[in-house]
Amino acid sequence: MFYREAGDFKTSYVDDSQTFPISFDRYRYYFVLFVAFALLPFMVDDYWASQILGPFLVFSIAAIGLNILTGYCGQVSLGTGAFMAVGAYSCYKLMTGVDIWYPAVCDGSRILFFWCSGRAEYQIWFQLPEINILLSILLSGFITALVGVFFGLPSLRIKGFYLAVATLAAQFFLIWLFNSASWFYNFSATGQITAPDTFVAGVQVTGAETQPWALYMVCLVFAFGCAWMARNLTRGSIGRRWMAIRDMDIAAEIIGVNPLKAKLTAFAVSSFFIGIAGALFFAVVSGTAEAGDVFGIQTSFEILFMIIIGGLGSIFGSFAGAAFIVILPVALRVIGTEMFGWPSEIVEHFQFVIVGALIIMFLIVEPHGLARLWQLAKEKLRLWPFPY
Amino acid sequence: MPDQLLFGMEVALNGLMAGVLYALVALGFVLIYKASGIFNYAQGVMALFAALTLVGIMEGQVPFAHLINAIFGTKIHHLGTPIPEMLDPDVTIAYFNTEGAGWISWLLGGIGNFFIWPINNFDIVLALIFTVFVMIALAWAVQRFIFRHLVNQEPIILFMATIGLAYLLEGVGELMWGAEVKTLNVGLPRGIAEGVESVTEGWFGYGFFLSRLDIVAAVIAAVLVTALTLFSQYSKQGRALRAVADDHQAALSVGISLNFIWILVWSIAGFVALVAGVVWGASSGVQFSLSLIALKALPVLMLGGFTSIPGAIVGGLIIGVGEKLFDFLMNPIIGGATENWFAYVLALIFLIFRPQGLFGEKIIERV
C-alpha cells in the first residue's frame, strides 16, 4: 500500500540510480541513522556499549570485509582473525609510536628483522611520534590491506578449497609472529597489548575511563563509513567485476575482466575493512588483546558464520549476521543460566549445537541467509494488501 | 658421526612417526572427498566424537547425564550399580540419587542393572564394536539429514556445511559425554621403545628416543591404509565406491545405489576417525584439542592432493618430517612453536608451483 514505487517518479539519472529508490526504504534508512546517531548515544550504558553494541558494530565491519571477499568475489578466506590481529597490532604500534631499531631488534636469542650474530648493543635508531587514534585506526586498515594483498597473491593460482586452506597459512603464521616477536607488543612481559589513554577533541576514546557513548560513537562512525563505502563500491563497476569473477572466473576473464586486478582489489578492500575492525576491537572496545586468544581461528570461523547466516553478498546481511552471532551467546546465557539456572558449560555446549545446526539449516533452506528473508518480506510487502 | 646429525636423524624419525598419524587423519578426508566431492572439515571432530563415545561406553557413562541432571535435578552419571573400587573416596555423590525426579534414575539404573554393566572391565573389543555402530548411525544421520539435501550444491557450500557439522558434533559430543579431559586406556603400550634405543646405541653410540605408542600407531596406520587399499581395489563395494568417485551418473545408471555408497563412505571415514581418535586420545587424553588434528591434516591434503590416497600418505610423511626438522634447525634463530604454521606455509609454497598437489588429478576447467 505504502511500500511501492508506483507514483514515485524520477526526473534525473542521479535519482534513478540511488541506493534506495523506494521512498519508504529511504525514510526507514534515515530513521535508523537518526536512532543510531541521535538517540542511542544518550541511552547506552557501559554493558550495552562494551558487550553488545560495540562488538556488534566492530564485527559488522569485519563481516562486511569478509563479505566483499567471499560473498562478492567468491574467494573463501579462513584468515579473517589474523587480519584483524594485523589491524590491532599495527594500531597499537602506531598509537604508541613505532620504534625502529638498527641494525636489528634482538630479543634474547631471537632475531626479528635482520640477521645478526653475537650479542651486539642495539639501540633505538628512530622513533616515530604517537599518531592520533582515529588516524591510527585508518592507517592500520591500509597496513592490513597490504598484508592482505600479499596473502592474496596465491589466489591467482589456487582456487576453491585449496585457497581456503591456504589462507589458514596466513592465520597461523601471523598469530605465531605476533606471539613470538616481542617487538610487536613493545617487549612487555605479559605478551599482551593494552591501549593507552587517548583523546579526540578532548573526549577520551580509549583506555579504562572511556565513556560508553564515546566508545559507541567511534564504532558507529567507522561502521557507518565502512558500510557506506562498501555499498557504493559493490554497486559500481569494481563490484560488478568482483561478482563476475565469483560467478565464473574463466568466463569473466574472457569478457575482459582482469582477474589479477579484481582478486587483488577484493583482497585489499576486504583486508582494509577487517584491519579497521581489528584495530577498533582492540583499541576501543576491549582495550587489551592477545593475538592467539582473541584473533584465533575461532574468530575467523565466527565471522564466516556471520556472513553465511546473514547472507553472502549483502551489506545488510553482514549487519544481520553480526547481530545474530553477537547476541546469540548473550541471549542463551540470559535464558539458560539466569532463567533455568543451568550450569554455564551446558549453555556453552548448547551454543555450539545451535550455531552448527543453524549454519546447516541456512545452507539447506536459505543459502542467501537472513538478507534473502528480508528481501522476500519486502517483496511481499510491495504487493500487500492485494497480492495477485 | 657428529652429534648434530644424530639428533637430526632422531628428530626426523620422530617426525616420520607423527607423519603417519597425520596421514591417518588425512585418509578420512580423501575417502569422503573422492566419493562425494565433500571436503569434510568435521573429520577431526568425528575423531573427537568417536573417542568420547568409546570412553563413555567403556566407563558406562549415561549419555546426556549433565543435561538430564540439569533438567530433572537428578545426580546420575554412570550406568549400573556402583562398584566400590570405581568410586573416588572424595566423591560423595551416589551413583543413583533417587531424590528429585526419581523415575529417571530408576529407569536408567534398571537398564544398567539389567545388562549388568561391568564398569571396570567392559571388554575393549565390545566397546570398539559398539562405537563403530554409533559411527555408522552417525554416518546415516549425516547423509540423511544434511547432505541428501545439499546434493548438487557447489563444493564450497558443502565445505561450509561440514564446518557447521563440526560445531554441531562438538556440541552434541560434549553434551553427551561431558567436556572434562578423559584418559583413554585401550591397552596400547607406552613409554620409550628400548629395542630401538639399544640397537641405535650399538650402531651410533647414541640411543634414539622413540615412543612405543608412536611405533604402534605407525603400524596400525600402515595396516589400515593397506586394508583400505585392498578393500577399494578388490571388494565389490570398493569397486562401486570407485565407480561413484569416477562418475556419479554413470555409476547410478549401472545400478549402484548412491545413497548406500555415501553412507558406506561416511561410515568408513567414521571408522578411520575412530582409529585416529583412539591413537591420539591414548597419547594426549580425550579432550577438545583432539578435534584440532583436522587442522594438522589440511596441509597434508594440499600437499598430496585431495583425491589421492598415496598422496595423503606421502604428504603426511613429508610434513611430519619437515615440521620437526624445521623446528629443530630454526628454533635457535626464530624461536619455537613453528609447527603450527610450517606445514601450511610449505603447502602454500608448493601449491603455487603445482596447484593440484603432488598426486592430485590435473584441474581442467571449462566455461
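Predicted model: local features only at pLDDT ≥ 70, side-chain atom pairs only at ≥ 80, totals over all residues.

User: Which residue in S7(A) does A:Phe199 stand opposite?

Analyst: The strands S6 and S7 of chain A are antiparallel partners joined by three bridges. Across this pairing, the residue of S7(A) that stands opposite A:Phe199 is A:Gln204.

User: Does A:Ala201 count as buried or exposed, and what is its phi?

Analyst: A:Ala201 has 5 C-beta neighbours inside 10 Å, so it counts as exposed. Most residues other than glycine have a negative phi. A:Ala201 is not a glycine, and yet its phi is positive, at about 50°.

User: Which two residues does a cis peptide bond join in chain A?

Analyst: Most peptide bonds are trans. One place to look is the segment after helix H15 (369-383) of chain A, where A:Pro385 is found. There omega is about 0°, and the cis peptide bond joins A:Trp384 and A:Pro385.

User: What is the radius of gyration of chain A, and how does it stand against the globule rule?

Analyst: Chain A has 15 helices and eight strands. For its 388 residues the globule rule gives 21 Å, and the computed value is close to this, so chain A is as compact as a globular protein of that length; its radius of gyration is 22 Å.

User: How much of chain A do buried residues make up, and what share of its contacts joins residues at least 24 apart?

Analyst: The C-alpha trace of chain A spans about 85 × 60 × 45 Å along its principal axes. Among contacts between residues at least 6 apart in sequence, those that join residues at least 24 apart come to 76%. Of the 388 residues in chain A, the buried ones make up 44%.

User: How many residues of domain 1 of chain A are in contact with domain 2 of chain A?

Analyst: The domain assignment divides chain A into domain 1 (1-8 + 20-43) and domain 2 (44-383). The C-alpha centres of these two domains of chain A lie 28 Å apart. On the side of domain 1 that touches domain 2 there are six nonpolar residues, no polar ones and one charged. Domain 2 brings seven residues to this contact, and the number from domain 1 is seven.

User: Is A:Ala230 buried or exposed, and which residues does it touch?

Analyst: The place of A:Ala230 is in helix H7 (residues 212-235) of chain A. A residue needs 20 or more other C-beta atoms within 10 Å to be called buried, and A:Ala230 has 23 such neighbours, so it counts as buried. Leaving out residues up to four places away in sequence, A:Ala230 touches A:Ile64, A:Ile68, A:Phe273 and A:Ile315.

User: Which element gives the largest share of the side of chain A that touches chain B?

Analyst: The contact takes 41 residues from chain A and 42 residues from chain B. Elements that give two or more residues to the side of chain A include helix H6 (160-180), helix H12 (297-310) and helix H14 (344-365) of chain A. By class, this side has 33 nonpolar, five polar and three charged residues. Its largest share, 13 residues, comes from H14(A).

User: What covers the buried residues of H3(B)?

Analyst: Chain B has 14 helices and zero strands, and in its helix H3 (residues 65-72) the residues B:Ala65, B:His66 and B:Asn69 are buried. Seen down the axis of H3(B), the buried residues fall within an arc of 100°, so they line one face of the helix. The cover over them includes helix H6 (155-177) of chain B together with H14 of chain A.

Conventions:
Residues numbered from 1 in each chain as written. Chains lettered and ligands numbered in written order. Contact = placed C-beta atoms within 7 Å. Helix = DSSP H or I, 4+ residues; strand = E, 2+ residues; numbered from the N terminus. Nonpolar A, V, L, I, M, F, W, Y, C, P; charged D, E, K, R; others polar. Rg over C-alpha atoms; globule rule 2.2 N^0.38 Å. Buried ≥ 20, exposed ≤ 12 C-beta atoms within 10 Å, placed from the backbone. Pairing = 2+ DSSP bridges. Arc of directions from axis to C-beta. Domains from an automatic or database assignment.
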